[in-house]
Amino acid sequence: MRRIGRGKVRDLYAVDEHRLLMVATDRLSAFDVVLPDPIPGKGRVLTRMSRFWFARLAHIVANHLLEIDPESVVSGEAERRQVRGRALVVRRLRPLAIEAVVRGYLAGSGWKDYAASGAVCGVRLPPGLRLADRLPEPIFTPATKAATGHDENIDFERVCGLVGRPLAQAVRETSLALYREAAAYAEGRGILIADTKFEFGLDAEGRLFLIDEALTADSSRFWPADAYRPGVSPPSFDKQYVRDYLEASGWDKRPPAPRLPPEVIARTAEKYREALARLTGQALA
């Protein structure tokens, strides 16, 4: 099968002109560098999370998932083992060249932008907010979709220039609706979704679809509600544990990345699995 794309985490293969096979690997990236050590089971966790959210949020927007067993589109037992539990067969769509980021709390690059200018992606926020403060309302804070290097935070007018105002408005409204429903559900399961990133694509008729992944621990910042304190960065169920280790290691954030100690790998895998269990009620064997 012809591989047509390789991201930091996912590999993309062409099944035919209408379908793609999306494989979630155990690779982990931090600071836009793929680390040398995989996180065991991570690809299966991401796949289960995406499946869960695609089903739960399908009433808001259609998604690219096709109910086709990935094992049915590959050849031989060796290939079936490679895709088992970690792959999706999806529609082949035209992706939009933007990251649709929604923030409900002030963290990450949003906090840095606010501290410097009082705004995030052109959205003016009230003065005096602290790190990790809950925002009065979730905000749409898009970014460019960079093939390599860092994504760049942009304002809504820039999105309009890239995709046109009607489509930009549809993406903003859809992203906010997805976030609000997911955040309300997750809070009831003891997890705060501080922010998340969506990606969208269009079919031949110009219809909007949610693509890539949805509300996983890779595309979102998950905080345990019982450990949340405004003013400090809460512990995370995502790869923040690895980021914190790398920050303390003295690494200059340029390739190659350092090896991870076994205990950091094991703790990170545990955090991904715990997020899956809390949000979906599913345990990974």
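Guide: Start with a cut-off: a residue counts as buried when its relative accessible area is under 20%. Keep in mind that this is a predicted model. Now take Cys121. Its relative accessibility is 11%, so Cys121 counts as buried. Where does Cys121 sit? It lies in the loop between strand S9 (119–120) and strand S10 (123–124).

Next, look at its surroundings. Set aside the neighbours within four places in sequence. Cys121 is then in contact with Thr141, Pro142, Asn153, Ile154, Asp155 and Phe156. Glu157 is 36 residues away from Cys121 in sequence, yet their C-alpha atoms are 9.9 Å apart in space.

Phe156 leads us to helix H4, which covers residues 156–163. Which residues of H4 are buried? They are Phe156, Val159 and Cys160. These three cover an arc of only 105° around the axis, so they lie on the same side of H4. An α-helix has 3.6 residues a turn, so residues three or four places apart point the same way.

What do the buried residues of H4 pack against? Their partners are strand S8 (98–105), strand S11 (134–140) and helix H5 (165–188).

Now follow S8. It pairs with strand S13 in the antiparallel sense, over 4 bridges. Within this pairing, Val101 stands opposite Lys197 in S13.

S8 is one of its partners. Strand S7 (residues 94–95) also pairs with S13, antiparallel, over 2 bridges. There, Pro95 has Gly201 as its bridge partner. Strand S15 (residues 220–224) runs antiparallel to S13 and is joined to it by 5 bridges. In that pair, Ile193 stands opposite Phe222.

Strand S14 (residues 208–211) is another antiparallel partner, joined to S13 by 4 bridges. Here Leu202 has Leu208 as its bridge partner. S13 and S14 form a hairpin, with 5 residues between the two strands. Gly206 sits in the turn and has a positive phi of about 85°.

Begin at buried Cys121. Step across to Phe156, one of its contacts. Go from the buried residues of H4 to S8, one of the elements they pack against. Then cross the bridges from S8 to S13.

Conventions. Residues are numbered from 1 along each chain as its sequence is written. This is a predicted model: local features need pLDDT of at least 70, side-chain atom pairs count only at pLDDT 80 or more; totals for chains, interfaces and linings use all residues. Side-chain values use heavy atoms; hydrogens and water are left out. Buried means under 20% relative accessible area, exposed over 50%, partly exposed in between (1.4 Å probe, protein chains only). The arc is that of the directions from the helix axis to the C-beta atoms. Contact means heavy atoms within 4.5 Å. Two strands pair if DSSP finds at least two bridges between them.
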